[in-house]
Amino acid sequence: MKRSILQAVREALGLLWKDMKDAKWAVMLVIAYFVLGKYFLYSLCPMVVITGFPCPGCGLTRAGFRLLRLDFAGAFRVHPMIYPIAAWLLLFFWNRYFRKGRMGRGLKILLILILVLTILVYLWRMFRYFPGEPPMSFYGGNLLHLGK
């Protein structure tokens with residue numbers, strides 16, 4: 001039996017809600033970290049707070065917001081890996097919530113490839129742009145520096 005678009009969306013939202021309820025403690029901890037971090041830390045990135053150095057993912061949130069505002073060039077400038085990550089997330093959500101499948105071998109291999117590329121891009125950005133404009137900046141008020 002073929003599902004209508006409305007049925008598919010309704011079932012996808014139901015499955016998403018179930019997944020969120022199953023992971024409620026993790027979701028609540030992440031929300032608490034972001035809320036408390038916004039008021040008490042100068043950065044939400046644990047690596048920046050501890051070491052002062054940017055992590056491989058630094059800039060992805062800003063790039064994601066630029067992508068949502070359709071600033072494609074700006075998103076790429078902030079973090080070039082936003083496009084492969086966004087494409088992977090779309091594939092994952094399509095597979096999980098509309099096809100009702102598990103994360104198969106292909107998605108896992110693609111995720112590993114994206115992670116390796118993210119680290120390579122990070123090394124290139126550290127060599128080419130560090131220390132420079134955010135997100136490739138050094139933050140002197142880090143915890144390791146304050147301990148001296």
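Trainee: How many helical turns separate W94 and F98 in helix α6?
Mentor: This is a predicted model, where local features need pLDDT of at least 70, side-chain atom pairs count only at pLDDT 80 or more, and totals for chains, interfaces and linings use all residues. Residues are numbered from 1 along each chain as its sequence is written, and side-chain values use heavy atoms, with hydrogens and water left out. Helices are DSSP runs of H or I with at least four residues, strands are E runs of at least two, and both are numbered from the N terminus. W94 and F98 are four residues apart in helix α6, so the separation is about one helical turn.

Trainee: How many aromatic pairs are there?
Mentor: Rings of Phe, Tyr and Trp (its six-membered ring) pair if their centres lie within 6.5 Å; planes under 30 degrees apart are stacked, over 60 edge-to-face, the rest tilted. Under this rule, the number of aromatic pairs is eight.

Trainee: Which kind of pair do the rings of F93 and Y97 form?
Mentor: The ring centres of F93 and Y97 are 5.3 Å apart. Their planes meet at 40 degrees, so the pair is tilted.

Trainee: Is Y97 buried or exposed?
Mentor: Buried means under 20% relative accessible area, exposed over 50%, partly exposed in between (1.4 Å probe, protein chains only). F93 has 38%, so F93 is partly exposed. Y97 has a relative accessible area of 8%, so Y97 is buried.

Trainee: Which kind of pair do the rings of W94 and F98 form?
Mentor: The ring centres of W94 and F98 lie 5.1 Å apart. Their planes are at 25 degrees, so the pair is stacked.

Trainee: Which residues do ring pairs link into a cluster with Y97?
Mentor: Y97 lies in helix α6. F93 is also in that helix, four residues from Y97. Ring pairs join Y97 into a cluster with W88, F92 and F93.

Trainee: What is the length of the polar contact between the side chains of Y97 and D19?
Mentor: Contact means heavy atoms within 4.5 Å. Leaving aside neighbours within four places in sequence, Y97 is in contact with A12, L15, L16 and D19. A polar contact needs N or O atoms within 3.5 Å, one able to donate a hydrogen and the other to accept it within protein; residues adjacent in sequence count only if both atoms are side-chain atoms. For Y97 and D19, the polar contact is 2.8 Å.

Trainee: How many helices are in the protein chain?
Mentor: The protein chain has zero strands. Its pattern along the sequence is α-α-α-α-α-α-α-α. The number of helices is eight.
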